[in-house]
Amino acid sequence: MGSAATDGAAFTADEMMTACAARALYDGMTCFVGIGLPSAAANLARATHAPELVLIYESGTIGAKPGWLPLSIGDGVLAETADAVVSVPEIFNYWLQPGRIDVGFLGAAQLDRFGNINTTVIGSSYADPAVRLPGAGGAPEIAAFCREVIIIVRQSRRSFVERVDFVTSVGYGAGPGDRSRLGLTGAGPRKVITDLGVLEPDPVTRELTLTGVYPGVTPDQAKAETGWDLAVSSDLAVLDPPSAAELAALRALQAATPGSGSEGAR
């Protein structure tokens, strides 16, 4: 995707996704962050409109304030800049499971219409799959217990499927009432942010619905990249492109990241 920001500067699909995800975060929130686009989005939010956003990484760092995009959850900059460093069991048992974290970011290899996520296997057999994926990690707990979840995934028929091959992390199960029945205390996926637009759950059916598209993207394009009959909101919005300030802040974080080729990254 190539388009133009409000000042005429070009931006990439990843930059659009990152800016869109960053805008979903608010000052003072506690945010369970993963590496990659989720980390870029959270750090972009801190650098722009949400300086008091509290970043929590699975490695045990609370209130990390990295000056660049960490390369892993074990990146030293997270511990060096954190308000506190605790054990991994404490992150899960004290912070995550009791619902003390406002929002968690998740990715997906497969996603279905009710926001259920597969990161375990592709294929009909768990024992003998076509592809064995990295697995669950902490994702099931994040999906279950964060007050809400934001999913970031590129949209295609390969990833947006009628039925996931394996439910690694529960979104809304088979529809309304399933989260409560399963004892999941978090509200579930609030947004799915893709390289085409944004999906949100219907308040009644809990089915993911296209509520916003990026500049230059049509609803038909999004539907063509979805493995089910994607519902489209009657109030479909065209989302703002990244602003000049967002692009500058994001590119500064990327340029400072070790290995980016920038001088003096550390």
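**Helix packing and loop residues**

Guide: H1 passes H2 in a right-handed crossing. Please keep in mind that this is a predicted model.

Visitor: At what angle do H1 and H2 pack?

Guide: Helix H1, residues 13–23, packs against H2 at an angle of about 55 degrees, and the axes are 8 Å apart. The two helices are therefore oblique to each other.

Visitor: Which residues meet there?

Guide: From H1 the residues are Asp 14, Met 17, Thr 18, Ala 19, Ala 21 and Ala 22, and they meet Leu 37, Ala 40, Ala 41, Leu 44 and Ala 45 of H2. By class, this contact of H1 with H2 holds 9 nonpolar residues, 1 polar and 1 charged.

Visitor: And H2 with H8, how do their axes cross?

Guide: The axes of H2 (residues 37–47) and H8 (residues 244–256) come within 9 Å and cross at roughly 120 degrees. H2 and H8 are therefore oblique to each other, and H2 passes H8 in a right-handed crossing.

Visitor: What residues of H2 and H8 meet?

Guide: On the H2 side they are Ala 40, Asn 43, Leu 44 and Ala 47; on the H8 side, Glu 246, Ala 249, Leu 250 and Leu 253. The contact of H2 with H8 divides into 6 nonpolar residues, 1 polar and 1 charged. Ala 40 and Leu 44 of H2 also meet residues of H1.

Visitor: Then H1 and H8: oblique or roughly perpendicular?

Guide: Their axes come within 11 Å and cross at roughly 105 degrees. H1 and H8 are therefore roughly perpendicular to each other. Glu 15, Thr 18, Ala 19 and Arg 23 of H1 meet Glu 246, Leu 247, Leu 250, Arg 251 and Gln 254 of H8.

Visitor: How do the residues of that contact of H1 with H8 divide?

Guide: There are 3 nonpolar, 2 polar and 4 charged residues in the contact of H1 with H8.

Visitor: How many residues of H1 are buried?

Guide: The number is 9 of 11, so H1 is largely enclosed by the rest of the structure. The buried residues of H1 are Ala 13, Glu 15, Met 16, Met 17, Thr 18, Ala 19, Cys 20, Ala 21 and Ala 22.

Visitor: How many for H2, and what covers them?

Guide: H2 is mostly covered, with 10 of its 11 residues buried. Among these buried residues are Asn 43 and Arg 46. The cover of the buried residues of H2 includes H1, E3, E4, strand E7 (103–106), E12 and H8.

Visitor: Changing topic, which residues of H4 are buried?

Guide: In helix H4, residues 88–96, the buried ones are Ile 91, Phe 92 and Leu 96. Viewed down the axis of H4, its buried residues fall within an arc of 85 degrees, so they line one face of the helix. Their cover includes strands E3 (30–33), E4 (54–57) and E5 (61–62), together with helix H5 (139–145).

Visitor: Now the loops. Where is Ser 169, and is it buried or exposed?

Guide: Ser 169 is in the loop between strand E12 (148–152) and helix H6 (178–182). Its relative accessibility is 1%, and Ser 169 therefore counts as buried. Not counting residues up to four places away in sequence, Ser 169 touches Asn 116, Ile 117, Ala 139, Pro 140 and Ala 143.

Visitor: What about Ser 159: buried or exposed?

Guide: Ser 159 is buried, at a relative accessible area of 7%. Ser 159 is placed in the loop between E12 and H6. Neighbours within four places in sequence left aside, Ser 159 is in contact with Ala 109, Gln 110, Leu 111, Val 153 and Arg 154.

Visitor: And what does Arg 157 touch?

Guide: Arg 157, in the loop between E12 and H6, touches Lys 223, Ala 224, Glu 225, Thr 226 and Gly 227, not counting residues up to four places away in sequence. The C-alpha atoms of Arg 157 and Leu 111 are separated by 9.9 Å, and the two residues are 46 residues apart along the chain.

Notes
Residues numbered from 1 in each chain as written. Predicted model: local features only at pLDDT ≥ 70, side-chain atom pairs only at ≥ 80, totals over all residues. Heavy atoms only, no water. Buried < 20%, exposed > 50% of the residue type's maximum accessible area, 1.4 Å probe, protein only. Helix = DSSP H or I, 4+ residues; strand = E, 2+ residues; numbered from the N terminus. Arc of directions from axis to C-beta. Contact = heavy atoms within 4.5 Å. Axes fitted to C-alpha atoms, helices over the stretch in contact; angles between N-to-C directions. Parallel < 35°, antiparallel > 145°, perpendicular 65-115°, else oblique. Left-handed = near helix turned anticlockwise from the far one by under 90°. Nonpolar A, V, L, I, M, F, W, Y, C, P; charged D, E, K, R; others polar.
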